[in-house]
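Here is a briefing on the fold. Look over the chain first, then read the points by topic.

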Amino acid sequence: MIRLGVTGTDTGVGKTTVSRALLGLMRADGLRVAAMKPVETGVAVDDPASDARALAAAAGNGASMRDVCPIVLAEPLAPWMAARRSGRPLAMNPLNESFHRLIRDVDAILVEGAGGLLVPITESDTYLALFQRWSLDAIVVAANRLGVINHTRLTVDRLRDGGVRILGVVLNETDGAAPDLARRTNHDALRTLLPDTPVVSFPWLPSHADVSSVARAAAASGLRGLIAHSAPERHHFEEGRAHR
Ligand SMILES: [Mg+2]
């Protein structure tokens with residue numbers, strides 16, 4: 001089965017939009033997909049604008065929100081600190097249980113992190129640990145702006161050191177203004193500096209972009225090529241059909 005872990009070079013870099021695009025592509029190829037945001041902070045449980053709800057709608061598999069997003073914390077902080085301040089420290093077991101319920105009847109799962117790779121879930125567990133434990137292949141969403149070369153290399157190096165397979169870097173446009181020199185040269189720079197990692201560009205979309213504009217952007221970007229390398233024995237995107 002396809003197991004994707006979507007991480008970012010920072011918070012607010014477009015992980016959820018890229019995740020919706022990936023879910024849409026897989027569904028268009030006939031795959032049954034599930035999505036998970038293990039911990040979401042800075043939102044209320046019933047917030048209609050939460051990442052978890054956007055992912056659940058994109059997955060469309062009818063999974064319980066209690067599994068899609070087992071832990072919701074009001075304060076906009078890293079999960080470990082938000083949980084500590086709420087008086088209910090986080091445990092990994094409920095996350096594991098939800099993950100295993102979600103993957104029961106699907107061909108693919110996509111897990112969206114919070115912030116970047118080493119964001120703490122507990123004092124000793126990070127999203128890297130979650131990706132390792134759940135055998136997720138990483139997609140790194142990188143904000144196309146000055147500084148992204150360093151942030152992307154740090155993330156890619158740490159994933160490699162941790163033994164996580166990297167499907168690619170998605171260089172995402174995070175605003176609609178005319179690109180400056182850094183934004184115009186970052187794609188080239190990353191391709192040269194990361195010769196073993198596919199780097200694709202994703203256009204700027206407002207965070208509330210409708211399903212059809214996300215689908216158009218997904219089709220025009222190189223996202224399909226990235227997931228074609230995930231679980232190749234089960235899944236053949238190139239031929240435009242899904243194996244179950
Ligand atoms: Mg997000």
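Two strands pair if DSSP finds at least two bridges between them. Helices (H or I, at least four residues) and strands (E, at least two) are DSSP runs, numbered from the N terminus. This is a predicted model: local features need pLDDT of at least 70, side-chain atom pairs count only at pLDDT 80 or more, and totals for chains, interfaces and linings use all residues. Residue numbers start from 1 along each chain, as its sequence is written.

**Overall build**

- The protein chain holds 10 helices and 10 strands.
- Its radius of gyration is 17 Å, close to the 18 Å that the globule rule gives for 244 residues, so the chain is as compact as a globular protein of that length. The radius is taken over C-alpha atoms, and the rule is 2.2 Å times the number of residues to the power 0.38.
- The C-alpha trace spans about 45 × 40 × 35 Å along its principal axes.
- Of the 244 residues, 46% count as buried. Buried means that 20 or more other C-beta atoms lie within 10 Å of the residue's own; exposed means 12 or fewer, partly exposed in between, with C-beta atoms placed from the backbone.
- Among contacts with a separation of 6 or more, 75% come from residues 24 or more positions apart. A contact needs C-beta atoms, placed from the backbone, within 7 Å.

**The sheet**

- An open sheet is formed by 6 strands in the order β2-β5-β1-β6-β7-β8, with parallel pairing.
- β2 and β8 (199-202) stand at the edges with a single partner strand each, so one side of each has no neighbour in the sheet.
- From one strand to the next, the twist averages 25°. Angles run from 0 to 180 degrees between N-to-C directions; axes are lines fitted to C-alpha atoms, for helices over the stretch in contact.
- Helix α7 (residues 148-161) packs on the sheet and touches β1, β5, β6 (137-143) and β7 (166-172). The direction of α7 makes about 170° with that of β6.

**Strand β5**

- How many residues of β5 (residues 108-116) are buried? The count is 9 of 9, so the strand is mostly covered.
- Strand β1 (residues 2-8) runs parallel to β5, joined by 6 bridges. Ile2 has Ala108 of β5 as its bridge partner.
- Strand β2 (residues 33-36) also runs parallel to β5, through 4 bridges. Ala35 is bridged to Leu110 in β5, and Met36 to Val111.

**Helix pairs**

- The axes of α7 and helix α8 (residues 181-193) come within 10 Å and cross at roughly 30°. That makes the two roughly parallel. Angles under 35 degrees count as roughly parallel, over 145 as roughly antiparallel, 65 to 115 as roughly perpendicular and the rest as oblique.
- The crossing of α7 and α8 is right-handed. A crossing is right-handed if the near helix is turned clockwise from the far one by less than a right angle, left-handed if anticlockwise.
- Val148, Ile149, Thr152 and Arg153 of α7 make this contact with Asn186, Ala189, Leu190 and Leu193 of α8.
- Helix α1 (residues 15-28) and helix α2 (residues 51-59) have axes that come within 9 Å and cross at roughly 15°. They are therefore roughly parallel.
- α1 and α2 also make a right-handed crossing. Their contact includes Leu23 and Gly24 of α1 and Ala54 and Leu55 of α2.

Key. Contact = placed C-beta atoms within 7 Å.
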